[in-house]
Amino acid sequence: MAKRQVCKVCRTKYDKSNGFYPVCSETCAVAYVDIKIRTDKIDKIRELTKELRRKKNDILRTDLDRQFRLTQLAFNKLRKLEEFKWFHDRGLEPTCISCGEEMGEDFWVCSHFKTARQRPFLKYDKKNTYLQHGMRCNKYLRRDINGTETTHGYIKGLSLRFGKIYAQEVINYCEDGFSDLEYTWQSVEKMRTLFLGEAKYLKEFEHILRQKNLTGNY
Ligand SMILES: [Zn+2]
Ligand SMILES: [Zn+2]
C-alpha cells in the first residue's frame, strides 16, 4: 500500500505518488506555491532585519559617548548601592554627604566631588563619589562643596563621615590626582561589565533606589 501523506495545505491525507507532493491536488499546489513565496519573503526580511540590527549594534558599540553614558549609569547605580550598604553595615540610615540629612522628600544621586568635566579620569572612581540629595544639594546647591548657612557642605561632610585624616586623603587624591588614562569604547564597555557584576551582589539594597526614583536617574 502506498504511503499516505498529510497535505501541507489542507491537511487531508493523500497518496504520495499523486504527482503533487507535498500537497494533495493541483488546487493545493497553487496555494502551496503562494504560501512558499510569502514565507520565503518573510524569512528574507527577517534575515535582513537581523543583519541590520547587528550592524547597528556594532556602530552603537563603538560610539564612545554612548559607552560613557551607559557606563556612568551603571557606575552611579553601583555607588548608590554601595553607599546604602555602607550605612546599613553601621546600622545607620543613609544620609547626604553635604547636608548630613536623610532622603526626606528628595531622592538620592551618586555625586562626584570632582565632576567628570573637571577630572575625566575620576568619573568612574569610587573615592570621588558619595551619596547626595539629587534635587537640593546636587542640583540647586551645585553639589554644595563648601557648605551654606544651613549645610556643612561636601568637604566637611567627608570629615564627618570618615574622619579628618581619611577625608584629607580623599580630597588630595581628587584634587591633585593625575592620570593620562585614555578611554576607549572597549575599556569603557569592560568597566561597565565589571560595575554591573559588582552591583549584582548588592541587590538587597535596590529597593531603596526604587523608593523615589522620580527622574529615572540612577
Ligand atoms: Zn490539499
Ligand atoms: Zn543633602
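Okay, quick definition before we start: we call a crossing left-handed if the near helix is turned anticlockwise from the far one by less than a right angle, and right-handed if clockwise. One caution too, this is a predicted model.

So, first pair. α2 passes α6 in a left-handed crossing. α2 covers residues 64–89 and α6 covers residues 185–200. The angle between them is about 25°, and their axes sit 9 Å apart. Angles under 35 degrees count as roughly parallel, so that's what α2 and α6 are to each other.

Who's touching whom? On the α2 side you've got Leu 64, Gln 67, Phe 68, Leu 70, Thr 71, Ala 74, Phe 75, Lys 77, Leu 78 and Leu 81. Facing them from α6 are Trp 185, Val 188, Glu 189, Met 191, Arg 192, Phe 195, Leu 196, Glu 198 and Ala 199. Sort the residues of that contact and you get 13 nonpolar, 2 polar and 4 charged.

For the contact itself, α4 brings Ile 155, Leu 158, Ser 159 and Phe 162. They meet Lys 164, Tyr 166, Ala 167, Val 170 and Ile 171 from α5. By type, the α4 and α5 contact has 7 nonpolar residues, 1 polar and 1 charged.

Terms used:
Residues numbered from 1 in each chain as written. Chains lettered and ligands numbered in written order. Predicted model: local features only at pLDDT ≥ 70, side-chain atom pairs only at ≥ 80, totals over all residues. Axes fitted to C-alpha atoms, helices over the stretch in contact; angles between N-to-C directions. Helix = DSSP H or I, 4+ residues; strand = E, 2+ residues; numbered from the N terminus. Parallel < 35°, antiparallel > 145°, perpendicular 65-115°, else oblique. Contact = placed C-beta atoms within 7 Å. Nonpolar A, V, L, I, M, F, W, Y, C, P; charged D, E, K, R; others polar.
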